[in-house]
Amino acid sequence: MDLTPNEDQAALQSATADWCRDNMPLEHCRNRAGTLWTELEAMGCTGMTAAGMELDHASEALVFAELGRFLAPIGLLSTAVARRWFKESAKGKVALALTGSAPATLRVLDPPASKMVLIAEAARLTLLDLPDAGADGDGARHVPRAPTIDLSTLQSRRERAGAEWTADDPAAPLHLQLLSAAFAVGCADAARDMAADYAKLREQFGRPIGWFQSLKHMCSDMAVRAAAARSELYYAACALDENAADAAFHVAAAKRLADQAALDNGRANIQVHGGVGMTDEAAAHLPLKRAHLLQFVMPASREALLA
């Protein structure tokens, strides 16, 4: 299996990174323009593997890793997956719901302007219509919103009520797990790059702090973690495209490695930044908080990893 991106995939990856850098910088993730979702749809990010697009999971993983690097909206995950598995029913922006302790209660991530909700469960995906959704996605009755640990993502609590469609194909939840792993790989990359750039800039004792061996080792470990997670992501995406017998294992492994790399790199990034890394004004905390949130999206189960 060749894991090297071809010319078309590399061009798509580069174009996505350039667009994100110009239109969706990480530092602005808590205060983005209201037109961002429309621009993401125009870029094709919300329906890359929808019917007729003929884009494989490997290419999609490349693009979503770049989107994850810039902390793109969580709703991109659920919308892209819904467009593939519920092509006749999905419309507009689709929020992502995590089932709570009570089966009838949903924790909905990224609800603004969403008319539908994708419910993430281990064995299947369910698309829920929101019959009372108004223009802003809150509905006829007020649904309180609150920030998550990731301050760029709002959440709300909703009752599980409305028309439902179910995707029983075992590849459907794997698709969502793969894209959330790609987002986590992007987080790991963002933290690594942020730490390396700061280590070149910040000086102590007349030298950039990156000159000191302890910081070199820390940044090197971040690079190794990100590279390992990205390699497994590529392999998992290719395995899913080929309907390999062990695709579920590799997707779960990609998710576990990506989540751990994002968390460890996020913590190390704050440590490299020192005192300023603990402040809200610095951006060092943003990838770590997104990494914590992504842990709740289709986490890799022990059974899948040990099967």
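**Helix packing and pockets: worked exercises**

α3 and α4 are roughly antiparallel to each other. The model is predicted. The exercises below start from this pair.

**Exercise 1.** Explain why α3 and α4 count as roughly antiparallel, then describe their contact.

*Solution.* 
- Step 1. Take the geometry. Helix α3 (residues 57–69) and α4 pack at an angle of about 160 degrees. Their axes are 12 Å apart.
- Step 2. Apply the cut-off. Angles over 145 degrees count as roughly antiparallel, so α3 and α4 fall in that class.
- Step 3. Assign the hand. The crossing of α3 with α4 is right-handed.
- Step 4. List the contact residues. α3 contributes H57, E60, F64 and L67. α4 contributes L76, L77, A80 and R84.
- Step 5. Sort them by class. The contact of α3 with α4 has 5 nonpolar, 1 polar and 2 charged residues.

**Exercise 2.** Work out how α4 and α5 are oriented, and which residues meet.

*Solution.* 
- Step 1. Helix α4 spans residues 75–85 and helix α5 spans residues 171–201. They pack at about 150 degrees, with axes 10 Å apart.
- Step 2. The cut-off of 145 degrees applies again. α4 and α5 are therefore roughly antiparallel.
- Step 3. Their crossing is right-handed.
- Step 4. On the α4 side, the contact holds L76, L77, A80, V81, R84 and W85. On the α5 side, it holds A171, A172, H175, L176, L179, S180 and F183.
- Step 5. By class, the contact of α4 with α5 divides into 10 nonpolar, 2 polar and 1 charged residues.

**Exercise 3.** Describe the largest pocket by volume, lining and residue class.

*Solution.* 
- Step 1. The volume of the largest pocket is about 500 Å³.
- Step 2. Its lining has 22 residues. Closest to the centre are A33, P73, K93, D110 and P112.
- Step 3. Helix α2 (residues 36–43) gives the most to this lining, with 3 residues.
- Step 4. The lining of the largest pocket holds 11 nonpolar, 5 polar and 6 charged residues.

Definitions and conventions:
Residues are numbered from 1 along each chain as its sequence is written. This is a predicted model: local features need pLDDT of at least 70, side-chain atom pairs count only at pLDDT 80 or more; totals for chains, interfaces and linings use all residues. Side-chain values use heavy atoms; hydrogens and water are left out. Axes are lines fitted to C-alpha atoms, for helices over the stretch in contact, and angles run from 0 to 180 degrees between N-to-C directions. Helices (H or I, at least four residues) and strands (E, at least two) are DSSP runs, numbered from the N terminus. Angles under 35 degrees count as roughly parallel, over 145 as roughly antiparallel, 65 to 115 as roughly perpendicular and the rest as oblique. A crossing is left-handed if the near helix is turned anticlockwise from the far one by less than a right angle, and right-handed if clockwise. Contact means heavy atoms within 4.5 Å. Ala, Val, Leu, Ile, Met, Phe, Trp, Tyr, Cys and Pro count as nonpolar, Asp, Glu, Lys and Arg as charged, and the others, Gly among them, as polar. On a 1 Å grid over the protein atoms alone, a cavity is a set of points where a 1.4 Å probe fits but cannot get out, and a pocket is an open set with protein on both sides within 12 Å along at least five of seven lines; lining residues have an atom within 4 Å of a point. Grid points are joined across faces, edges and corners, and a volume is the space filled by probe spheres set on the points.
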